[in-house]
Amino acid sequence: MAKVPGLVKGLGVTLGTLFETVTKGANTVQYPHEKESPPTRARGVIALHEGNCTSCMLCARSCPDWCIYIEGHKELAPPRREGGKPRQVNKLDRFDIDYALCMYCGICVEVCPFDALFWSPEYEYSEPRIADLLHDKAKLSEWMETVPEAPELEAGAEKKKK
Amino acid sequence: MITAMGELSMVLAVLAFEAPYWGQSLLRVLGGIVAVLLPAGTIVYVFLFKMMSFMQSRLGPMEAGPYGSLQLVAEVGKWLQKEDIVPERADARIFKMAPIIVLVSTFLLVAVVPFGPDAWFTNFEAGIFYALAVSSLSVLGILMAGWASANKYSLLGGLRAAGQLIAYELPMVLAVIGVIIQAETMNLQQIVIAQNAGSIFGFDGLGNPYIITQFVGFIVFMIAIQAELTQAPFDMPIAESELVSGYMTEYSGFRFLIFFIGEFATAGVFALIASVLFLGGWGVPFAWFGWTDVDSVDNWMNIVGPVIMLTKMMLVTFLIMWVRFSYPRFREDQLQKFAWKVLIPISLGNIALTSIFKVVM
Amino acid sequence: MSITDRVLGDRQRLAYIASQAADSRLNVELETEGMTLNIGPQHPATHGTLRIIARLDGEQVVWAEPSCGYMHRGYEKLAEVRTYPQVTTLVNRIDWLGSFANEVPFILAAEKLMDVEAPARAQHIRTILFELSRIANVSLFLGDLGVQMGAITPVFFAFRDREYVLNLIEGATGGRFHPNFDRIGGLKDDLPKGWIAETKAVMKKLRTFCDQIEELLFGNEIFQSRTRGIGVIPRDIALQYGLSGANLRASGVDWDLRRDHALPMAWNKVDWKVWTHPDGDSFARCWVRLQETREATKIVDQLLDTIPSGPIMAKVPKIIKVPEGEAWVSTENPLGEMGYYVVSRGELGPFRVKIRSASFNNISVTPWVLRGVYVPDIVTILASLYFILGDIDR
């Protein structure tokens with residue numbers, strides 16, 4: 001026990017932290033009374049903009065877990081101008097994302113060519129039953145209200161063409 | 001305050017109401033239970049939950065009651081409602097007896113601690129001798145728990161505990177001998193009075209707390225207590241990262257609660273004994289109020305005394321817990337080397353020096 | 001009692017008497033059997049479900065062997081039926097603490113096959129995120145080291161300061177633990193505004209954290225007596241068993257893939273030092289990792305000052321089909337050397353991916369190093385070797 005200072009300095013660190021916590025408060029965020037807001041890009045839940053979706057199935061195919069279920073049918077919509085042909089449009093019957101399987105990887109949001117899927121930082125949607133984690137079309141459209149604007153990029157970034 | 005009320009009621013019963021002997025005994029038993037469980041509860045809440053959480057830069061329990069003050073009640077309730085499991089191949093009788101032995105040694109230990117000039121459970125002449133002897137009972141309980149659990153981890157923990165606790169009994173005893181020599185008595189009440197009525201080189205403003213003259217003895221005693229309580233850095237028997245919980249692994253429900261409360265109750269009682277031996281116990285220096293010996297101490301000291309004891313106990317416990325949360329643990333053989341090769345020679349030297357000074361001065 | 005009962009009863013009784021006689025014979029010969037301890041799949045000391053079978057003589061280990069595989073998730077098989085972006089997502093979860101670092105060698109191997117190089121800005125930011133994941137991983141190691149030794153306080157400091165790094169990674173990529181940010185040809189997105197300034201502030205906090213850990217843990221005499229001279233792995237044994245990363249550097253081998261392999265990343269553009277230690281004991285391994293964390297903060301600081309502007313993604317087709325070929329790329333991950341051998345047949349996904357993970361080789365040295373140590377030293381040595389179960393078992 002020749003060099004006592006090492007042991008004593010260690011005690012000093014803990015005592016210092018004690019005073020720091022008492023005077024300045026701890027780093028703890030007391031959930032559920034206080035809630036932290038996650039950053040803008042946080043991957044909380046996926047929202048669906050139904051108007052843009054054409055059931056091209058790219059998202060369902062590229063999901064690593066195959067957790068997106070899409071069913072649609074083609075309908076004849078009235079022509080855009082007088083005397084034209086009726087055009088075929090895709091109508092979504094079913095667009096479910098099973099959040100019990102979802103890996104939150106974001107591949108579906110990335111590959112969608114029509115900007116129909118968006119990320120939202122919402123994270124408080126846990127359910128007592130696993131079956132309730134299958135969000136259907138209506139619920140996914142509700143999440144659209146929580147989608148934030150894309151954040152501004154740092155200096156030196158190239159402007160995206162999209 | 002509740003300790004004070006317990007002591008006061010007991011004292012009043014003894015002095016004023018002239019309760020029959022069985023009544024006095026009953027009050028003493030109740031007071032004893034309060035005097036043990038209250039420090040345990042205080043230590044667990046204030047130190048373990050809150051103060052150490054602040055040391056780790058977090059808040060500790062905050063949900064149960066305001067600022068988490070009812071967390072201990074919640075913990076007790078939680079442990080009580082768990083299933084009581086006795087492993088199939090465990091030796092059931094010894095398995096069930098072990099926690100009780102550990103707790104009983106704590107209660108026996110608090111019987112000799114004085115809380116005030118008249119607030120004591122028994123004024124035992126060989127007080128400290130009895131205390132040291134009875135504190136060794138817990139070793140038996142731990143060994144029983146380790147062996148009877150039919151679990152290799154518990155066995156390792158129990159055997160480590162046996163070696164460690166017996167090894168650290170010696171420095172504890174030897175550290176205390178210095179105090180005995182200086183106080184010329186083994187009676188804990190007399191030791192308190194000797195400290196508070198005494199003076200250092202004629203200056204009696206501080207009394208004569210033995211922490212100043214027996215500084216080496218104090219350090220050795222604190223280290224020995226840390227080892228006796230199996231707290232880090234001497235918590236090899238529990239060694240959470242290796243032995244899961246050492247000798248306590250197979251216990252659940254009420255039996256684990258007894259071990260848990262027993263651990264902190266013993267910490268509290270040892271802290272009480274440390275404050276009696278080294279910090280002046282329940283008293284303040286008599287010179288402040290012009291008292292000369294125990295009979296001239298005012299009666300209100302019977303109420304203030306326990307409060308002062310509680311404060312000093314919390315100071316000592318803060319030291320114990322501070323070290324516990326800051327240091328990693330020793331390995332078993334390093335532990336033993338430290339006890340036999342370092343602590344015992346130092347405390348022997350301390351005794352020699354104290355005796356020389358006592359005879360010369 | 002039927003005849004069967006009586007017969008069985010007699011047989012059982014005879015067997016019992018025979019075993020007692022055998023025991024007493026053993027005791028008479030003063031040869032007591034050692035105890036076999038299962039430091040089992042569920043244990044606070046192993047970082048996950050690792051099983052170490054140890055034969056003990058009292059408190060000393062006579063023979064020890066690791067038994068892994070409890071967490072095998074079949075990554076290499078899964079990769080055979082996934083496309084490249086999907087495999088990138090999966091591969092995040094191998095070493096889940098330093099997650100961005102898992103994606104990088106795989107993407108670099110695919111880029112090698114496609115003969116495509118990410119633009120300079122992407123390489124730069126890739127390196128920054130790589131070093132951030134190293135900091136996140138190793139700062140948890142420093143805290144966990146305390147817990148294995150018995151000091152319960154450093155781990156809280158580690159988690160507290162690691163949160164800042166995880167928030168940074170979340171701000172840039174969207175995921176704290178599984179960023180899934182690397183793409184063939186560059187990165188998915190550029191950095192959000194204010195990220196550079198925030199990262200600089202966090203690096204300062206982490207340097208304070210390293211100083212705190214050094215004072216609280218490394219300077220502690222008890223810690224030093226627990227780790228110095230324990231689990232010495234000499235230089236040639238370390239090389240033979242294929243150790244990598246800090247374990248190798250702590251045995252005195254000056255080997256760091258960031259400096260020694262030419263990869264399209266930005267390490268050669270900054271000024272940094274490779275830390276080695278001659279001792280090869282547990283203290284050396286822990287110390288090297290502490291210094292590496294400090295060094296990583298300095299690397300990040302320098303990189304932040306010199307990010308070039310430009311595009312974040314090279315010109316690659318939307319649907320990527322990697323041409324035929326085989327490529328091997330390995331990088332200096334937080335745990336050691338991690339490499340991917342990608343075999344491609346020109347399809348949307350790889351034909352076969354072989355993952356060389358650092359921890360699998362790191363624990364292969366356990367039977368050698370755990371001979372003759374005490375039970376507490378098992379924990380010390382495992383803690384200092386530092387493995388993640390996801391990395392061992394994949």
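## Surface and charge of chain A

Chain A exposes about 10200 Å², of which carbon and sulfur atoms supply 55%; accessible areas come from the Shrake-Rupley method with a 1.4 Å probe, and for residues only the protein chains shown count as cover. Of its 162 residues, 33% count as buried (under 20% relative accessible area, with exposed over 50% and partly exposed in between; 1.4 Å probe, protein chains only).

Chain A carries 21 positive and 24 negative side chains, and the centres of the two sets lie 7 Å apart. Lys and Arg count as positive, Asp and Glu as negative, while His and the chain ends are not counted; each charge is placed at NZ of Lys, CZ of Arg, CG of Asp or CD of Glu.

## Basis of the model

This is a predicted model, in which local features need pLDDT of at least 70 and side-chain atom pairs count only at pLDDT 80 or more, whereas totals for chains, interfaces and linings use all residues. Residues are numbered from 1 along each chain as its sequence is written, chains are lettered from A and ligands numbered from 1 in the order in which they are written, and side-chain values use heavy atoms, leaving out hydrogens and water.

## Fold and dimensions of chain A

Chain A has 4 helices and 5 strands, in the sequence pattern α-β-α-β-β-α-β-β-α. Helices (H or I, at least four residues) and strands (E, at least two) are DSSP runs numbered from the N terminus.

The C-alpha trace of chain A spans about 95 × 45 × 30 Å along its principal axes.

## Backbone geometry

Most residues other than glycine have a negative phi, and most peptide bonds are trans. The peptide bond from Tyr31(A) to Pro32(A) is cis, with omega near 5 degrees; Pro32(A) is in the loop between helix H1 (5–24) and strand E1 (45–48) of chain A.

Met57(A), not a glycine, has a positive phi of about 70 degrees and is partly exposed, at 30% relative accessible area. Asn180(C) also has a positive phi, near 50 degrees, but is buried at 1%; Asn180(C) is in the loop between helix H6 (154–173) and strand E4 (182–183) of chain C.
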